Amino acid sequence: MLLTLSTTHRPATDLGHLLVKHPDRAHSFDVPVGTAHVFYPEAGEDRCTAALLLDVDPLRLAGPRGKGRQGAPTPDSFTLGRYVNDRPYAASSLLSSALSRVYRSALRGESRDRPELARTPIPLEVRVPVLRCRGGADVAARMFGPLGWAVTATPIPLDETHPEWGDSRYVDLTLTGTLRVADALNHLYVLLPVLDDAKHYWVAPDEVDKLLRAGAGWLADHPERDMITRRYLAHRRALAGLALARLAEERLADEPAAADSDTVDEAAGEVTSARPSLAVRRREAVLAALAEAGASRVLDLGCGGGTLLAALVGDRRFTEIVGTDVSTQALALAARRLRLERLPERQRDRIRLWQSALTYRDDRLRGYDAAVLMEVIEHVDPPRLPALEDTVFGHARPHTVVVTTPNVEHNVRYEGLPAGRFRHADHRFEWTRAEFADWAARVGSTYGYTVVLRGVGDDDPEVGAPTQLAVFTRTEADR
């Protein structure tokens with residue numbers, strides 16, 4: 001399978017510095033399924049082309065005992081399917097993996113010899129002569145078009161001598177645009193397997209981190225974000241849901257940050273630093289509420305990938321920290337984020353990660369100083385909220401409960417959010433300030449807690465702060 005990357009930037013041979021591959025030599029790399037070659041069919045001042053050719057060994061791809069590499073199912077179910085398939089010829093996740101191996105520095109935007117050029121958009125042309133594209137040429141345009149590429153995806157006929165047979169599942173893809181080389185390579189790394197809609201290896205939870213790393217700066221706002229995420233993660237619903245939740249948090253955290261950023265006063269010659277994003281300010285507000293309550297043993301309920309847990313671990317006042325989530329994949333990601341295996345034993349003993357559903361009573365959650373539900377309740381179906389309330393406020397009964405949730409009134413300030421849409425596809429509801437206040441008052445009255453409401457983020461005089469926060473404190477008589 002073949003992928004070419006060309007530029008007309010002058011001198012065009014600077015492409016060799018950006019890819020860290022000299023145009024005068026052929027380069028070969030051993031990869032798990034064969035050999036990847038990089039060479040330059042043309043290398044002049046006006047135009048330079050780097051070709052990545054992946055030579056797949058079908059026997060290495062098939063693996064032992066009828067399974068693909070790492071236990072992945074083979075693409076065809078018939079007896080000879082692991083030997084007779086399109087994998088050596090059509091661009092797929094195999095080429096994406098080779099690209100990450102061969103162009104590792106370029107994907108990170110690093111160039112020792114041309115650092116400024118690595119940060120500069122230059123005219124580029126990408127060609128993938130044979131690409132399996134589920135959904136046809138239109139899907140290719142929907143994937144690459146929003147990223148600044150002019151897309152030409154020509155369907156390849158099943159047989160040129162029999163046009164009546166129609167087109168195959170493959171396209172000849174050409175992309176042209178002015179982009180950074182790193183951006184171009186990251187687009188290809190993510191979208192080649194997405195268009196193929198198959199992966200040659202088992203998709204583990206760490207694929208979420210790979211997707212978010214390669215998609216940084218573009219995936220969160222891509223109009224086909226959901227399709228890209230599902231296909232890249234091989235339609236594993238739990239992983240796709242986790243990835244989409246993290247993308248939504250990043251996207252919406254950045255929007256208020258842009259509005260809140262301080263500006264440069266050139267006349268005065270003063271520059272002040274930008275304010276932290278909404279996500280950071282939310283975590284800081286939660287930590288402040290826990291400190292005010294004097295809590296030392298804390299539950300992070302619905303901890304997800306562990307962003308709040310990491311902040312709790314960094315504060316020595318919290319002597320026991322428990323993260324719970326219904327998703328084992330989320331807990332695995334939280335463990336990696338915290339680097340539990342590398343922590344000193346004394347630090348590791350402060351932390352526990354438990355699988356637990358918030359709508360069922362769990363005796364392990366009793367007896368803690370505080371519990372946090374940070375951006376959690378809006379993911380619960382409204383008929384299930386009474387069960388959550390009973391679990392947290394009735395059964396676990398910590399002294400303090402901190403709850404944050406979006407303020408739906410503030411959504412009109414997000415230009416990229418259509419009217420009537422929630423901030424995340426998995427949200428079951430989003431409350432106005434009055435609705436949140438009514439819910440908090442009812443829960444406090446039912447379970448013996450006083451409630452203080454606050455806003456997080458800049459308070460808009462018309463629609464309020466973007467995040468709502470409630471601090472529930474158990475009454476003295478009920479301690």
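Reply: Start at Glu375, in the loop between strand β11 (370–374) and helix α15 (385–396). The model is predicted, so local features need pLDDT of at least 70 and side-chain atom pairs pLDDT 80 or more, while totals for chains, interfaces and linings use all residues. Residues are numbered from 1 along each chain as its sequence is written, and side-chain values use heavy atoms, with hydrogens and water left out.

Look at the backbone of Glu375. Its phi is positive, about 55°, although Glu375 is not a glycine. Is Glu375 buried or exposed? Glu375 is buried, with a relative accessible area of 18%. The cut-offs are these: buried is under 20% relative accessible area, exposed is over 50%, and partly exposed lies in between, using a 1.4 Å probe and protein chains only.

Arg339 is not a glycine either, and its phi is positive, near 55°. Find Arg339 in the loop between α13 (328–338) and α14 (345–348). Pro11 sits between β1 (2–7) and α1 (15–19).

One more loop is worth a stop. Thr120 lies between α5 (115–118) and β5 (122–132). Thr120 is partly exposed, at 34% relative accessible area. What does Thr120 touch, leaving aside residues up to four places away in sequence? Leu179 and Arg180. A contact means heavy atoms within 4.5 Å. Val181 is 61 residues from Thr120 along the chain, yet their C-alpha atoms are separated by 8.3 Å.

Step back to the whole chain. The protein chain has 16 helices and 14 strands. It has 479 residues, and 49% of them count as buried. Take the contacts with a separation of 6 or more: residues 24 or more positions apart account for 70% of them.

Now go to helix α6 (residues 137–144). Val139, Ala140, Met143 and Phe144 are buried there. They cover an arc of only 115° around the axis, so they are on the same side of α6. That arc is taken from the directions from the helix axis to the C-beta atoms. What do the buried residues of α6 pack against? They meet β6 (150–157), β7 (167–179), α7 (181–196) and α9 (225–232).

Helix α7 also meets α8. Two packed helices are described by the angle between their axes and the distance between the axes. For α7 and α8, the axes come within 9 Å and cross at roughly 145°. Axes are lines fitted to C-alpha atoms, for helices over the stretch in contact, and angles run from 0 to 180 degrees between N-to-C directions. The crossing of α7 and α8 is left-handed. That term means the near helix is turned anticlockwise from the far one by less than a right angle; clockwise would be right-handed. Asn186, Tyr189 and Val190 in α7 meet Lys210, Leu211 and Ala214 in α8. By class, this contact has 4 nonpolar, 1 polar and 1 charged residues. Nonpolar covers Ala, Val, Leu, Ile, Met, Phe, Trp, Tyr, Cys and Pro; charged covers Asp, Glu, Lys and Arg; the others, Gly among them, are polar.

Stay with Lys210. It forms a salt bridge with Glu207, the closest N and O atoms being 2.9 Å apart. A salt bridge is a side-chain nitrogen of Lys or Arg within 4 Å of a carboxyl oxygen of Asp or Glu. Side chains of opposite charge can pair when their charged atoms come close. Both Lys210 and Glu207 lie in α8 (residues 206–214), 3 residues apart, about one turn of the helix. An α-helix has 3.6 residues a turn, so residues three or four places apart point the same way. Lys210 is partly exposed at 27%, whereas Glu207 is buried at 2% relative accessibility.

How many salt bridges does the structure hold? There are 29. One of them joins Asp113 and Arg112, with the closest N and O atoms 3.9 Å apart. Asp113 is partly exposed at 43%, and Arg112 is exposed at 78% relative accessible area. Another pairs Asp362 with Arg364 at 2.8 Å. Asp362 is buried, at 12% relative accessibility, while Arg364 is partly exposed at 37%. Elsewhere, salt bridges that share partners join Glu42, Arg47 and Glu125 into one network.

Notes: Helices (H or I, at least four residues) and strands (E, at least two) are DSSP runs, numbered from the N terminus.
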